[in-house]
Amino acid sequence: MAFPSIQKMSLARREELAGYAFVIPWIIGFLVFTIGPMLASLYFSFTKYDIVTPPQWVGLDNYQKAFSGIWDAIRSGDPRQFGDPLFWKSLQVTLYYASLALPLNLIFSMFLAVLLNQKVPGVNVWRTIYFLPSIIAGVAVTLLWVRIFNPRLGILNPFLTNVFGIKSPPQWLGDPEWAVPALVIMSLWSVGGSMIIYLAGLQGVPTDLYDAAKVDGANAWQRFWNVTFPMMTPVIFYNLVLGMISTFQYFTQVYVATSNSLGGLGSPQHSTLFYNVYLYQNAFRYFDMGYASTLAWILFIIVLILTALIFRSSDVWVYYEGQLRGRG
Amino acid sequence: MKKITDYFRWLFNSGRGNELLSKSITTLILASGSILILIPFLFMITTSLKDPAQIRSDSMSMLPRKPKTAEVLGKDEPLYRVIFDGQTQELALIRKMPEGMGQFVEPTQPDIIHELKINDQKQLYRLDIHWENYPEAITAMPFWRYLGNTLIVTFVGMFGMLFSCSLVAYGFSRFRARWLNLLFLLLLSTIMLPSQVRLIPVYILFNKLGWVNSLLPLIIPQFFANAYDVFLLRQFFMTIPLELDDAAKIDGANPLQILMYIILPQARPALVSVGIFHFLYAWNDFYEPLIFLHTRENWTLAVGLQTFDAIYTINTHLIMAVSVLMIVPPILLFFFSQKIFTQGVVFSGIKG
């Protein structure tokens, strides 16, 4: 027999084989649903492919479509000269949303976590209430917010007019200027998801640090800025990375909010054409699988670069407790 | 008077007063914030109980309501609260006149007409709850079909995920082998991977297999483990003392038996929390069902509700009724398992 029988194998060898045997489901899944498809989509990104007819090799055409004209456009300042203006529009929309949603989310969730970390009466009830929206995110909630924002039927604009005296409140999802801010407001409602993570982080801050700061005469703000905040940077870092990646995959809310509107998906005037929405359109509306794969790979590379940047910069501003101990 | 100011000065100067002040401010902020959080929920529930006519004409009111009326000379006329001769009275508006004036009468004495400005009077409403919106919404769409599909995807997928992730997490937590560490790093790196980069070929693969427009593409991949849940379970398995394994080994248990009789019973809390997270994910997921399910009879609730909105978008009351039904299971689950839940989040958030 070519293989040694199980009984003759050494204990270590048997353990090794057993270990591999248990991880086989993941290895198969990794090959079939992850690495295989990744390589396939890299190949498709160099082809013209509509699922029905076999893929046709077109070299860098898809990439050229996305990037061509970029220098002309920068020189003339006219974005219409891009090879694919919608690609750049979708990048711009995504980054605009991220630039609003990520900092606001950070501020609100951190603020709430600090409040909810105090021993106030009924703290568990408050925590539950703030956490609630984050477990039901999806279609139902978006349909609700579409109606809250609705200028004629919703409750937001009458509220703004009657309580704050705003004469002509924005048209929200109907206005290209206000559609993204509306989505940001919607996302802030479910801030509880990241709040709970900050809360867990706060509970990990050793209380003796606060006691020491108090002895040194630090007030509440100084204690927050010099003790809490540095101790929280790893959690902030974690939330920032994941928040950024999820912005590039933002989809459900936009689809539900805009696909049934007059202007269709990404409306009004492409102001909610998020990157992932544009990718979906190319893949599953136009069945341009080649170009969609190109967009997917560009997305992958963007996410890689941004993640790497945050990881690199984290050396400067993320504080890990262990490092201090190391330095003594 | 001086005593009171002295008292406050003492309160705020002493540490206790400071604490009291900061606690009351905190509670105040939390309470007002939680009103902002709860209003949308309230709006969803009350809208689902409204008459469609109210949604169109009377959007100002959160409560499902209807103008209060009284019968005047055989016709129903709206009632107003009117301050008249220094008394408040309930009068019916029987006729609108130019320049915002109206003719008001007491329902019992229709011949004495008072002419008053309509806008100065307060219209009276009564509660008008339409429970029948729910049965109507459920019959307007194949609700039970969608619910059935969602439950199949959620629970079969959950079984597959727990089954495969337990095996894989056990492999990564209890065995020493040359390549296992490298494989584990590879696994972790896929957590950050945007799914779009593999989705198109996976779609094409399922299309070739003839599985597109069935529930299989949403279920089958769950049987091949995923990085996130494997990681969570592995972290938990690592905290279970190795002595338990050794004792079982001495009794002649093989690795599979150790997993089944030692590890899994110990890891119940972790399995439950991973299961709950999977439920929420599968229940709310929209992207993949949208891509893989093409015909009505295969949709899950998320896709079904979105399409229902496309057809019935004016019928806000019906859309909100189904929306309420759709958020009830996650909320119930949340309340019944709150402790596990928050621990699970803490676990995933911080150790992750």
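The centres of domain 1 and domain 2 of chain A, taken over C-alpha atoms, are separated by 32 Å in this predicted model. Domain 1 spans 6-65 and domain 2 spans 67-327, with bounds that come from an automatic or database domain assignment. The model is predicted, so that local features need pLDDT of at least 70 and side-chain atom pairs count only at pLDDT 80 or more, whereas totals for chains, interfaces and linings use all residues. Residues are numbered from 1 along each chain as its sequence is written, while chains are lettered from A and ligands numbered from 1 in the order in which they are written.

Between the two domains of chain A, 14 residues of domain 1 are in contact with 13 residues of domain 2; two residues are in contact if their C-beta atoms, placed from the backbone, lie within 7 Å. On the side of domain 1 that touches domain 2, two or more residues are given by each of helix H1 (11-44), strand S1 (47-48) and helix H2 (61-67) of chain A. Helices (H or I, at least four residues) and strands (E, at least two) are DSSP runs, numbered from the N terminus. H2(A) provides the largest share of this side, four residues. By class, this side of domain 1 has six nonpolar, five polar and three charged residues. Ala, Val, Leu, Ile, Met, Phe, Trp, Tyr, Cys and Pro count as nonpolar, Asp, Glu, Lys and Arg as charged, and the others, Gly among them, as polar.

Chain B itself has 16 helices and eight strands. Its radius of gyration is 31 Å, whereas a compact globule of 352 residues would have a value near 20 Å; the radius is taken over C-alpha atoms, and the globule rule is 2.2 Å times the number of residues to the power 0.38.

Within chain B, helix H12 (residues 268-284) and helix H15 (residues 316-336) pack at an angle of about 170°, with axes 11 Å apart. Axes are lines fitted to C-alpha atoms, for helices over the stretch in contact, and angles run from 0 to 180 degrees between N-to-C directions. H12(B) is therefore roughly antiparallel to H15(B), a term for angles over 145 degrees. The contact is made by B:Ile276, B:Phe279, B:Leu280 and B:Trp283 of H12(B) and by B:Pro329, B:Pro330 and B:Leu333 of H15(B).

Definitions and conventions. Angles under 35 degrees count as roughly parallel, over 145 as roughly antiparallel, 65 to 115 as roughly perpendicular and the rest as oblique.
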